[in-house]
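Please look over the sequence and the model, then read on.

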Amino acid sequence: MATGLATPKQLVAADFKGKVDPDWCPGCGDFGVLAAVQKALVELQIPNHNVVTISGIGCSSNFPGFINTYGMHTLHGRALAVATGMKLANHDLTVIVTGGDGDGFGIGGNHFLHSMRRNVDLLYIVMDNQIYGLTTGQTSPTSRVGMKTKSMPFGNIEAPVNPISLALAAGATFIARGFSGEQKHLTELIKQGIQHKGFSFLDVFSPCVTYNHDNTYQWFRPRVKKLEDDPAHDPADWVLAMQRSLLWGEEIPIGKFFERTDVPALHEAEPVLNEGALVHNGAKIPAEVSRGFIEELM
Amino acid sequence: MRQTFAIGIGGAAGQGVATPGDIFAKIFSRRGLHLNAYNAYQSIIRGGHTFLTIRTGPEKVTNMGDRLDLLIPLNQDAMNRHLGLLTAGAACIYNADTIKPGTAAAGVQLCPLPVSKLADITRNKVAQNTLALGAGLSMMGIGFQALESVLGEQFKKKGEAVVSENVGIARAGYDYATANFQPFARPLPMTENRYAVLSGNVAMAMGGAAAGVKFYCAYPMSPSTGVLHWMAAHARKAGIMVRQVEDEIGVVNMAIGASHAGVRSMCATSGGGFALMSEGLGLSAMMETPVVVIDCQRAGPSTGVPTKTEQGDLWQMLGAAFGDYPRVIAAPLDIADSFKIIPEIFNIAERFQCPGIVLSDLLLSEGRLSVDPKDLDFNPVIDRGELITTASEASGSDGNGAYKRYKITDSGISPRAVPGVPGHTHTAASDEHDEDGVLISDEFTNPTKRRAMMEKRMRKVVGIEAAVPPPELWGPRDAEVTLIGWGSTQGVIEEACAILTEQGISANQLQIRWLVPLHGDAILDILRRSRHTIIVENNYSGQFARYLRSETSYVPNGYIRKYDGEPFMPHHIVEAVKEQLTGKTKLSVPAHEIMV
């Protein structure tokens, strides 16, 4: 057995395997997202203990339990708020937020909007299956008009939200869409999203094989077209990205819609963090400063 | 009886009630006098009516008192509302050009100021306020120099010309009063003491800074916003990350996220915002990630009376979030205590890895009090509990994945590793989980594990109880009447006890600071030996009385309650006690005479 000085261990996929196996339905799109995140972390060689995966509630939000990193499985819709606190308290960590379309665009919609304009440095992956799964099949904010579910048995009459256009309007600085059936492409987008300094939004088509019989793998496969294969697309062009975000139907773009790198991330914009992460700053307030606080009141 | 002197300044919002109030407060505190200030105001930015009471004296002043010595009405409305409250020995200084006095009680001195003759009112819109300041100080027997130096500081930024103009106007008022009005019978003394004057909100914010809070976030909500304002203004000097968040749901979850990363984090709100936070408290309890939430109570329910005080949130705090979990709830007794309680509650919340709630109210949050600077201790005891911040610490882990975040222990406390520490990766979940953090709530549902985890968390209650001292009885053991209060009523009940004792009715006081843990047995032990017990509180239903009964089965002899939005004045309690001792009633609801 080798002894002596330890050299940094090369991380492999098994290092990121969680304590339990996923309990998703066989064939669920979320397996593909989990595998792609694990692959991306291996390729980027980010040590497990420096990654925090944070989720809300729902099928896809069970994600942190299935990967070996620090994890927080929080409240329905609140993962982005928790993650913002985490990142601001220790910006040395890689923060990945995972959840579903109901969690992110429904109950968590307000935090989604404000996290984007704040440009919090994290990767937000929405496993978008256009349905509520864990509550056994109700209409979600991304369900298409006309879709019949248990909560809208005569068909949805409400227009779905367009997550990509919404993110563009709200000021997210990295916006992409992946497909759980396109592993290599998805892994690449996750890597880019982790490396981007600022709010990275990744909407992933992650089919629900149990409750959504409209938006299946078979439905998506012929439709998804990679923006990377489109020579006319330029991710630096916001207007172009907005136009592409509106495409839906026989052709649905996936890939990186938009990225800008000229906006500081929230933690970079706050001088309080100039001296390093808050969590490492255990110092008491210097006596002359606290004396000043009291003297102001005298 | 203690010597005190109270000034009431009334006018429309935007008329400049605050500035003369601040100047009086500064002059009093620099003379080494104690003071208490309470501003009764409305939820409007301009107009309406606001009434500021400043009470001062050489000894501790704990509440607004019963009597006004000097009334300064800035408009006719304020004159009409308040003149009738003045009694013999008091005075009213007013602008004779614009305000008609009405009829005052015998012995009340009316002091009309010919404002347009004493100052150029076309140049200075608040000349009447400055003249009244000068006149008032002359009648109190305070030298002009004190006012001159405060005015110099007040208007320094606006330049020398503005300073000398205001000093000139103040001087004119001062000299006019010296020549034309009777001075007050007892001039205000001076002492060698020097006090800081601060609100409860500033005290709690500074207490947070002293406790080592590194993360503070909030959504603006009266009457808690003062905490955010102090934090935001001092964040960079104090090294605190301060964020204004989209809503209170975001606030509490962001604070929990930061705390989970390993920093002390705090947030403040009022009842409505707290209602939005309550699911987050459950998250803190379940993940065993401490967080401290301040609730500054205002009159409810719903939007209620946003600028008025009440002690109406107790049951919301007791019942916040569903399910059973350990929590601590503390109600500071005064403004100095609002500072001190923050490091204390952080130590308990962190040791026991649970949410801590500070229950303030508008009276404390926005009221101001003179505090001895020695009571603002920036070196309090800090106990962060069993926190693992480096891999080398003895932590129940051999570094080979054996670390159990929710390890079952006798104390119920499991060592808490923060993200970034090698060898301790785990998931903290809002779902019920096993010692490893693995969910048991879905397909793995396991009654044995659920019971074990529930009992592990709830075992912390025993430790919490031992960490917090039981309340003590103040005053003579065998007093005729025992007044029981909680939180902000401490000062007014204390003064009521003194007045009662003076009037031949001996009284003592049991004031509750820690609501959870309550120490019911210690309270029962005191109350069983009391002769006549009355619970005093600022709400309709007797929330504390009901809580005490639910915990101890104790039923007091009577109740004094007030739910009109204004705090108690000492005579409200004194008169109610007398009424109850004659057997006339068991429930007194005093009327608030000062119409604001």
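Which residue of E17(B) does A:Met72 stand opposite? The model is predicted, and in it A:Met72 stands opposite B:Ala428 in E17(B). The points below cover the strands that join the chains, the contact between them, and a sheet in chain B.

**Strands across the chains**
- Strand E2 of chain A, residues 70-73, runs parallel to E17(B) and is joined to E17(B) by three bridges.

**Contact between chains A and B**
- On the chain B side 56 residues are in contact with 45 residues of chain A.
- Elements of chain B that give two or more residues to this side include strand E7 (196-199), helix H7 (200-211), helix H10 (271-287) and strand E17 (427-429).
- H9(B) supplies the largest share of the side of chain B that touches chain A, with 10 residues.
- By residue type, the side of chain B that touches chain A has 29 nonpolar, 16 polar and 11 charged residues.

**A sheet in chain B**
- Seven strands of chain B form an open sheet with mixed pairing, in the order E9-E8-E10-E11-E13-E12-E21.
- Strand E9 (241-244) and strand E21 (514-516) of chain B are the edge strands, and each pairs on one side only.
- On average, neighbouring strands of this sheet are turned by 20 degrees against each other, direction ignored.
- Helix H8 (residues 225-238) of chain B packs on the sheet and touches strands E8, E9, E10 and E11 of chain B; the direction of H8 makes about 135 degrees with that of E9(B).
- Within the sheet, strand E10 (residues 264-269) and strand E11 (residues 291-297) of chain B pair in the parallel sense over four bridges, and B:Ala268 stands opposite B:Ile294 in E11(B).

Note on methods
Residues numbered from 1 in each chain as written. Chains lettered and ligands numbered in written order. Predicted model: local features only at pLDDT ≥ 70, side-chain atom pairs only at ≥ 80, totals over all residues. Pairing = 2+ DSSP bridges. Axes fitted to C-alpha atoms, helices over the stretch in contact; angles between N-to-C directions. Contact = placed C-beta atoms within 7 Å. Nonpolar A, V, L, I, M, F, W, Y, C, P; charged D, E, K, R; others polar.
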